[in-house]
Amino acid sequence: MTDLGNSGNKSDNQAYSLTDNALVQLVDVSFSRGNRKIFNGMSLDIPRAKVTAILGGSGTGKTTLLNLIGGRLKPASGKVIVDGLSVPDLSTRELYALRKRMGLLFQSGALLTDLNVFENVAFPVREHTKLSESLIHHLVLLKLQMVGLRGARELMPSELSGGMARRVALARAIVLDPMMIMYDEPFAGLDPISMGITVKLIKELNHALGITSIIVTHDVDEAVTIADYMYLIGEGRVIAHGSAEEMKNSSSDEVRQFMDGLPDGPVAFHYPADDYRTDLMGVDQ
Amino acid sequence: MKFLIKFLLSLGEWGIARITRLGRGSQFLFETLTHVGQSLVRFRLVYHQIYSVGVLTLLIIMVSGLFVGMVLGLQGYYTLSDFGAESSLGLLVALSLTRELGPVVAALLFAGRAGSALTAEIGLMKATEQLAGMEMMAVNPLERVIAPRFLAGLISMPLLAAIFTALGVWGGHIVGVGLIGVDEGLFWSRMQGGVDFYDDILNGFIKSLVFGFIVTWIAVFEGYDCVPTSEGVSRATTRTVVNSSLAILGLDFILTSLMFGEI
Ligand SMILES: Nc1ncnc2c1ncn2[C@@H]1O[C@H](COP(=O)(O)OP(=O)(O)OP(=O)(O)O)[C@@H](O)[C@H]1O
Ligand SMILES: [Mg+2]
């Protein structure tokens, strides 16, 4: 891997051997919010049955990226391909069929507040299958046991802490055994023990069931321990990519800045703004 | 001159925004209607919503109906007795309620109690990403959340209006017959003779159905379309009450002139 940290669009489009085995492919995707370009020629491949981490600063568009893959947003140009299907071109019915095979773990958990923990996890099962009540009971308790919350099944979402809610959401995301799970900031706000459990769980799901995992995070240390492959995104495109080892030992300035958490470097920490001094003087005008 | 242009520009902007919103609302209504069939199949969801939309509105409807009927009894008696026509009190009370006050006042109360609650609930579900979460679980929120609520509103409103009317007639009876002493036989027989099933009761029913449709539509749309923040939800809730009240009164005039008018 010599293209590590090679900023510039040419590196993004260079084919590397993952392509044939990719479950998700983004090709030259552009997306804007108002006048602001969130993505500008973003290309990446997510390998099948592997854990891929997507790193990037706050506001670089990581959540937006997951929404593009999930078909909740459409790119202005470029291709989003999941399991051979072009997501923006799917009909509602086809899109829903695809979504049954992928789980998205929201940053906030997004539990249904009028249902208790058990019913929240049972929700996709009840909506999509006709399993008997006793089977549903088994299935839900199995998944709740995996996230360590079997005892909390009677609680309402308002009675859960943020980390517990996220774990319930994880149980719900895996209850139908999807082919792929996208985790939006799975480690934010977890205590070290829950963090350890979550890391172990993601690994297990990946190894035992072969579930493709996409982890969006700015938690570099966890990402390194868990991911097979990593992308660093910023300024609307991929800044660097490579295996966890390669990223850790990379000598590129951008990668180093992010991996070591340095405030100054090639990647801008600030949201685009006018010159600071002019801005401060601007009150009089 | 500059101000005039500015004014015209903002007027145009306002108009375009309104029309765009109306378009979005209509599209939303159309999509919701395509899912109403599935809601009929899974009636359990509708049934739960009828409880929160209809049953929980029952108390305010019943109390208001009773008082409106009692006031009608008093006012009606004073006016009618001037002409020596107090025996028609029952007829007056029943006609005012079935034709106008039943559907209209019940719908206004419904908008305030159930409509606002619907908007706030759906708006909060949007703000907390519950609707987005459903979409990602391949569950269509229009089918799972919106359509059952819409249907529940449509079913509840005519029933609530009927209960309002019945309680109102009873209230009129309490005041007219019980307190003032109008002859009971005349009270009921004039009413029976004067109220027509098609002209009065059916038309009143149609009104309440139309009001139920419009209020529930506005309520679920405002919730679904709101800006997903606390402020956005609170604004949407206010808009639901204001817009549906105006819609009820405006439509009432149109419906009345179509049903009873000579114009
Ligand atoms: N609904 C929206 N309307 C307008 N702009 C938005 C909207 N949602 C996000 N954005 C903008 O898109 C950019 C990317 O947002 P996104 O949520 O994808 O960031 P993120 O990488 O997930 O950040 P974080 O790590 O803080 O969650 C942000 O700069 C934000 O200003
Ligand atoms: Mg995010």
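The report below describes a predicted model, taking the metal site and then the interface.

## The magnesium site

Two residues of chain A coordinate the magnesium ion (ligand 2), namely A:Thr63 through OG1 and A:Gln107 through OE1, at 1.9 to 2.6 Å. These two residues bring together distant parts of the chain, being 44 residues apart: A:Thr63 lies in helix H2 (residues 62-69), whereas A:Gln107 lies in the loop between strand E6 (102-105) and helix H4 (117-128) of chain A.

## Extent of the interface

Chain B contributes 15 residues to the contact and chain A contributes 19 residues. Together the two chains bury about 1700 Å², of which 60% is on carbon and sulfur atoms. Within the area that chain B buries against chain A, B:Gln130, B:Met136 and B:Met137 supply 41%, more than any other three residues.

## Polar links and composition

Seven residue pairs are in polar contact across the interface of chain B and chain A, with both residues of each pair at pLDDT 80 or more. There are three salt bridges between the chains, and the side chains of B:Glu135 and A:Arg72 form a salt bridge with an N to O distance of 3.5 Å.

On the side of chain B that touches chain A, the elements giving two or more residues are helix H5 (130-136) and helix H6 (141-180) of chain B, with H5(B) providing the largest share, six residues. Sorted by class, this side has seven nonpolar, four polar and four charged residues.

How values were computed. Residues numbered from 1 in each chain as written. Chains lettered and ligands numbered in written order. Predicted model: local features only at pLDDT ≥ 70, side-chain atom pairs only at ≥ 80, totals over all residues. Heavy atoms only, no water. Donors = N, O, S within 2.8 Å, 3.2 Å for Na, K, Ca; no water. Helix = DSSP H or I, 4+ residues; strand = E, 2+ residues; numbered from the N terminus. Contact = heavy atoms within 4.5 Å. Buried area = accessible area lost by both parts, 1.4 Å probe. Salt bridge = Lys/Arg side-chain N within 4 Å of Asp/Glu carboxyl O. Polar contact = N/O pair within 3.5 Å; in protein donor to acceptor, adjacent residues only side chain to side chain. Nonpolar A, V, L, I, M, F, W, Y, C, P; charged D, E, K, R; others polar.
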